[in-house]
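Hello,

Here is the structure I promised to hand over to you.

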Amino acid sequence: MGPILHGLIKLQSVENRLRAAKAKLARCRRTVILQENQVRSLQNALETKKEEILLTKVQCDRMELELKSRDEEITKLRAALNTAKTNKEYAALLTQLNTSKADNSKIETQILELMKDTEADEAESKDIRQQIDEQKQTLEQTRTESDASATKHEAEIEQIQTEWDRVAKTIPDDSLEIFRRVAETYDGQAVVGVEQQEGRTPTYSCGGCFMNIAAECVNLLMTKDDIIRCPNCTRILVLSEPQV
Ligand SMILES: [Zn+2]
């Protein structure tokens with residue numbers, strides 16, 4: 001190994017720190033987004049309740065109107081009953097009157113049920129409104145905290161990025177391009193050590209995918225400064241620290 005591979009090892013360690021700092025920034029932003037979503041879903045639930053209350057009110061109004069017109073009919077039937085000329089006519093009017101009264105009492109019961117529903121919905125709305133207020137307060141607090149730590153993380157990222165750029169300048173363009181591509185594929189892990197297994201004749205494996213690595217590759221790494229990639233996973237191989 002020579003300056004190129006050592007440079008890549010250094011770059012890998014800076015890359016790890018850079019990714020960790022970026023992950024911290026993403027996490028603190030995600031907390032805010034999650035809490036915003038909670039507020040939004042509570043607001044949606046409140047809207048749904050409002051619509052339900054409105055629909056029930058419309059239904060209630062319609063039934064009250066019907067009740068009123070039936071009451072008028074009952075008044076008319078009562079008057080007709082008093083002026084009935086025959087028993088038969090009287091009996092028919094009485095039946096009609098009783099049916100109307102029974103219908104009215106049914107409607108009254110339904111109206112009462114609807115009013116109860118509305119009361120329950122209004123109580124739930126009040127509860128949701130309270131939850132929204134509380135959740136908004138929590139959100140504001142989280143946002144303030146998150147803004148503060150985001151500023152800190154951004155400064156850290158900027159600092160590490162400067163270091164990354166500085167190390168990257170020491171590495172030839174083609175090698176750097178390979179590093180970038182492999183890092184993209186393996187979530188930042190581009191450079192891995194070759195691991196040695198003890199035995200009568202030592203065997204080697206890739207520290208990324210654990211597939212066997214030929215002894216010739218290890219010899220090349222010891223003697224040259226070329227990029228050797230794992231034939232299986234394509235990560236850049238380097239000798240682990242004790243062998244360097
Ligand atoms: Zn591998």
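Phe210 sits in the loop between β2 (203-206) and β3 (212-213); strands (E, at least two residues) and helices (H or I, at least four) are DSSP runs, numbered from the N terminus. Phe210 is not a glycine, yet its phi is positive, about 65°. Because 13 other C-beta atoms lie within 10 Å, Phe210 is partly exposed. The cut-offs for that word are these: 20 or more other C-beta atoms within 10 Å of a residue's own make it buried, 12 or fewer make it exposed, and anything in between is partly exposed, with the C-beta atoms placed from the backbone.

Thr234 is another residue to look up. Its place is the loop between β4 (228-229) and β5 (236-239). Thr234 has a positive phi of about 70° and is not a glycine either. It counts as partly exposed because it has 17 C-beta neighbours inside 10 Å.

Before you go further, please keep in mind that this is a predicted model: local features need pLDDT of at least 70, side-chain atom pairs count only at pLDDT 80 or more, and totals for chains, interfaces and linings use all residues. Residues are numbered from 1 along each chain as its sequence is written.

Now for the whole protein. How many helices and strands does the protein have? There are four helices and five strands, and along the sequence they follow the pattern α-α-α-β-β-β-α-β-β. The C-alpha atoms fill a box of roughly 125 × 40 × 30 Å along the principal axes. The radius of gyration, taken over C-alpha atoms, is 40 Å, whereas a compact globule of 244 residues would have one near 18 Å; the globule rule is 2.2 Å times the number of residues to the power 0.38. Of the 244 residues, 10% count as buried. Among contacts between residues at least 6 apart in sequence, 70% join residues at least 24 apart. Two residues are in contact here if their C-beta atoms, placed from the backbone, lie within 7 Å.

Next, the domains, whose bounds come from an automatic or database domain assignment. The assignment gives domain 1 (3-170) and domain 2 (175-243). Their C-alpha centres lie 55 Å apart. The contact between them takes 11 residues from domain 1 and 10 residues from domain 2. On the side of domain 1 that touches domain 2, the largest share, 10 residues, comes from α1. By class, that side has seven nonpolar, two polar and two charged residues. In this scheme Ala, Val, Leu, Ile, Met, Phe, Trp, Tyr, Cys and Pro count as nonpolar, Asp, Glu, Lys and Arg as charged, and the others, Gly among them, as polar.

Helix α1 also has a helix partner to look at. Two packed helices are described by the angle between their axes and the distance between the axes. For helix α1 (residues 3-82) and helix α3 (residues 173-185), the axes come within 11 Å and cross at roughly 35°. Axes are lines fitted to C-alpha atoms, for helices over the stretch in contact, and angles run from 0 to 180 degrees between N-to-C directions. The crossing of α1 and α3 is right-handed, which means that the near helix is turned clockwise from the far one by less than a right angle. Ile4, Leu8, Leu11 and Glu15 of α1 meet Ser175, Phe179 and Ala183 of α3 in this contact. By class, that makes five nonpolar, one polar and one charged residues.

Gln35 also lies in helix α1. It counts as partly exposed because it has 19 C-beta neighbours inside 10 Å. Which residues does Gln35 contact, leaving aside its neighbours within four places in sequence? They are Gln135, Thr138, Leu139 and Thr142. Gln35 and Arg143 are 108 residues apart in sequence, with their C-alpha atoms 9.4 Å apart in space.

Finally, two residues of helix α2. Ala92 is in α2 (residues 87-169), and its C-alpha lies 9.3 Å from that of Leu81, 11 residues away in sequence. With 11 other C-beta atoms within 10 Å, Glu158 is exposed. Glu158 and Leu18 are 140 residues apart in sequence, but 8.9 Å apart in space, C-alpha to C-alpha.

Happy exploring!
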